[in-house]
Each structure stands twice: as C-alpha cells, then as structure tokens.
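The following exercises concern the structure shown below.

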Amino acid sequence: SSDLINSDSTSIQDYVGTFVPCGNGKFETLNGPLRKAMEEGGFFLSDEFNLADPSVLNMLLPLLEGRRLIYDPVSGTIIRAHKDFRFFATQNSAMYADRKRLSVSLRSRFIEAQVKDYAKRELAYILQKRKYKVGCPFRSVRSKKIDENALNLEKAFCAVNKAVLNREIFFGSTSSSCLLTLREMIKWVERYGVVNKLNKNAK
C-alpha cells in the first residue's frame, strides 16, 4: 500500500513521480506513490484530500470516473491501473483551516464513510500516548491514568471548536472560521516541549 498527505504545495509530481539526475548528465524516472500502486495493484491512500490543488484533482478525475487511468504530464504517458488497484481518500471537514469543499460530482465518485468526533477522554489519551521529539508536559506514557494536562488540553480543544461552531469566535476573518485539529494540538504540545527545554538550558 502507498499513501500521500496532501498540502497546499502538493503537486502532480508528488503523485506520479518526476525525473531526477543520475550522473553523466542523464536523468531517470522516480515513480511516485500513486503510479507505483496503480502499476503494482496496491492500495493508495490520499490523506487530507480536500487540501489537494485543483490541478491534482483534475488529473485524478479519469481514474475516479471508472476509466482506471490517468495521464502523466511528467512523462507524457498514460498510466493504467492494475485490476487489484484501489483508491482511498480521507479528509477533515471544510470547516478546518484551508480545506476546500469538494464538488458534489467529485464526492459522488466515492463511497463515503463518516467518522464521529473523539469520544470523551479519547483525545487526551492520544495526546498522552503519542511519542514526542522533546520533553512533553505529561506523565510517563506507561501510566494508566490520563494526565491532568492532557485532559485540560482536551477541554480547551472541545471548548474552542464548540465556540467556532456556535459562531462565538472566529479565526482569520469575521466571514469564515475554522476548527482546531489533532495536528494543532500536537504542535502545541511539541512547542511547549521546545520552549520548556530552552528555559531549562538557560538556567
């Protein structure tokens, strides 16, 4: 299986591949994850699908429409999908930052499965159990009891998102707003760890 996490800078080359120098003034093709999965009959996951650039979505349309092929503008060739190839996509709601609302025609090409929001204490558990690059403010991950700091972060996460949904607070502009994601929460913890480490080293 292969996967790719989309961002506002993800390009078609990230999906299908590109040419890379191999010495003596020559170039060779470096296949991207989608091309590999299509040719080998694997599963491909496009994460944060509604962050993908419109050019990427247009490239994928023939594949999603059932023709099981795409045109590779890098090599100028047609890539045909193996009979066992499967395409999956995941995304957060368009209420989250920078996400686009996919057209009804594009969404109709998928079988959709909606995933419910975090259950009580689930987010706190994830934050506490995740491995961080620097010291985090939680007790040992071996502890069965959920740390109070993790619980407070979960409460803040729920309170902010509830206020956004109720249009009580706005981020970015007064005409639109966005919800917090797990990634933002993890960034908060990691930044705390960096600052905390710097403060300890400064003493």
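**Exercise 1. Helix H5**

Determine which residues of helix H5 are buried, and why they line one face of the helix.

Solution. Step 1: helix H5 spans residues 122-129, and its buried residues are Leu 123, Ala 124, Leu 127 and Gln 128. Step 2: viewed down the axis of H5, these buried residues fall within an arc of 130°, so they line one face of the helix. Step 3: as background, an α-helix has 3.6 residues a turn, so residues three or four places apart point the same way.

The terms are as follows. Buried means under 20% relative accessible area, exposed over 50%, and partly exposed in between, with a 1.4 Å probe and protein chains only. Helices (H or I, at least four residues) and strands (E, at least two) are DSSP runs numbered from the N terminus. The arc is taken over the directions from the helix axis to the C-beta atoms.

The model is predicted: local features need pLDDT of at least 70, side-chain atom pairs count only at pLDDT 80 or more, and totals for chains, interfaces and linings use all residues. Residues are numbered from 1 along each chain as its sequence is written, and side-chain values use heavy atoms, with hydrogens and water left out.

**Exercise 2. Cysteines**

State how many disulfides the structure holds, and classify Cys 22 and Cys 158 by accessibility.

Solution. Step 1: a disulfide is a pair of cysteine sulfur atoms within 2.5 Å; the structure holds zero. Step 2: Cys 22 has 41% relative accessibility and is therefore partly exposed. Step 3: Cys 158, at 44%, is partly exposed.

**Exercise 3. The second largest pocket and Glu 48**

Describe the lining of the second largest pocket, then examine Glu 48.

Solution. Step 1: a pocket is defined on a 1 Å grid over the protein atoms alone, as an open set of points where a 1.4 Å probe fits, with protein on both sides within 12 Å along at least five of seven lines; lining residues have an atom within 4 Å of a point. Step 2: the lining consists of Ile 5, Asn 6, Glu 48, Leu 51, Ala 97, Asp 98, Arg 99, Thr 181, Arg 183, Glu 184 and Lys 187. Step 3: helix H7 (residues 182-202) supplies the largest share, three residues. Step 4: Glu 48 belongs to the loop between strand E4 (43-47) and helix H3 (54-67). Step 5: although not a glycine, Glu 48 has a positive phi of about 55°. Step 6: with 3% relative accessibility, Glu 48 is buried.

**Exercise 4. Asn 92 and Arg 35**

Locate Asn 92 and Arg 35, and list their contacts beyond four places in sequence.

Solution. Step 1: Asn 92 sits in the loop between strand E7 (86-89) and helix H4 (104-107), and its relative accessible area of 26% makes it partly exposed. Step 2: counting heavy atoms within 4.5 Å as contact, Asn 92 touches Glu 48, Asn 50, Arg 99 and Thr 181. Step 3: Arg 35 is in helix H2 (residues 33-40) and is buried, at 13%. Step 4: the contacts of Arg 35 are Tyr 15, Val 16, Asp 72, Ser 75, Thr 77 and Ile 79. Step 5: Arg 35 and Ile 70, 35 residues apart in sequence, are 9.3 Å apart in space, C-alpha to C-alpha.
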